[in-house]
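Please work through the exercises below with the sequence and the model in view. Each task is followed by a solution in steps.

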Amino acid sequence: MSENQAAKKSSLSVKIGWLAGIVAAIAAALTLYFTLWPKPSSIGEWKSKATSVCNQDARDVKKDLRSAQEALAVVYQDAQVGSVPQGDFNSLTDAVNSLAGDQQKLVGDLQAIPRPGSNHSDVDTIINEQAAGSQSVYRASADLGSANVYDPNSVTVAVQAASSDLGGAVSHLQNSQQAAGQLGVSCSA
């Protein structure tokens, strides 16, 4: 065998080695992709997990929503008579902030459930309405944060804005609950 033939054979061996390495790398990447990539769950799995999340998280959201609405009524009445005690205003802001946190937890827990391959838009409606409700609660919190508790007019304006935002949150929550019910998810506490 001549040097030229040996060089060609060696060059061919190197090329085959590189090709085998590339094929092995592609095979490993595909194996990882199909093994580790989350597979879409069935709609039945999603409904079961969503119902569990709702039963767990919605109770806190509803409790905090009631507390926020009750505290809102107290502060609004205080403002009408001309004086808002700091304790009443703090109770309201605490209730709204607690509601915001619980609502955000519910949204996050729903988003963490792998999406089903089918009925994706119905699932998106449920989550998007919950997220919109959460944003409304955060706006209510910001409204209250802008109030000057020593100025009854400022408190009245902030309470009215917060009340409107909480009303929007309730509307979004109802829309989400309706979409969940149509999909067969029980989301009530």
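Predicted model: local features only at pLDDT ≥ 70, side-chain atom pairs only at ≥ 80, totals over all residues.

**Exercise 1.** State which residues lie nearest the centre of the largest pocket, and which elements line the largest pocket.

*Solution.* Step 1: the lining of the largest pocket comprises 12 residues, with Val61, Lys62, Leu173, Gln174 and Gln177 nearest its centre. A pocket is an open set of points on a 1 Å grid over the protein atoms alone, where a 1.4 Å probe fits, with protein on both sides within 12 Å along at least five of seven lines; lining residues have an atom within 4 Å of a point. Step 2: two or more lining residues come from each of H2, helix H3 (86-111) and helix H5 (152-183); helices are DSSP runs (H or I, at least four residues) numbered from the N terminus.

Residues are numbered from 1 along each chain as its sequence is written, and side-chain values use heavy atoms, leaving out hydrogens and water.

**Exercise 2.** Determine whether aspartate 64 is buried or exposed, and what its side chain contacts.

*Solution.* Step 1: aspartate 64 is located in helix H2 (residues 43-81). Step 3: its side chain forms a polar contact with the side chain of serine 98 at 2.9 Å.

Conventions. Polar contact = N/O pair within 3.5 Å; in protein donor to acceptor, adjacent residues only side chain to side chain.
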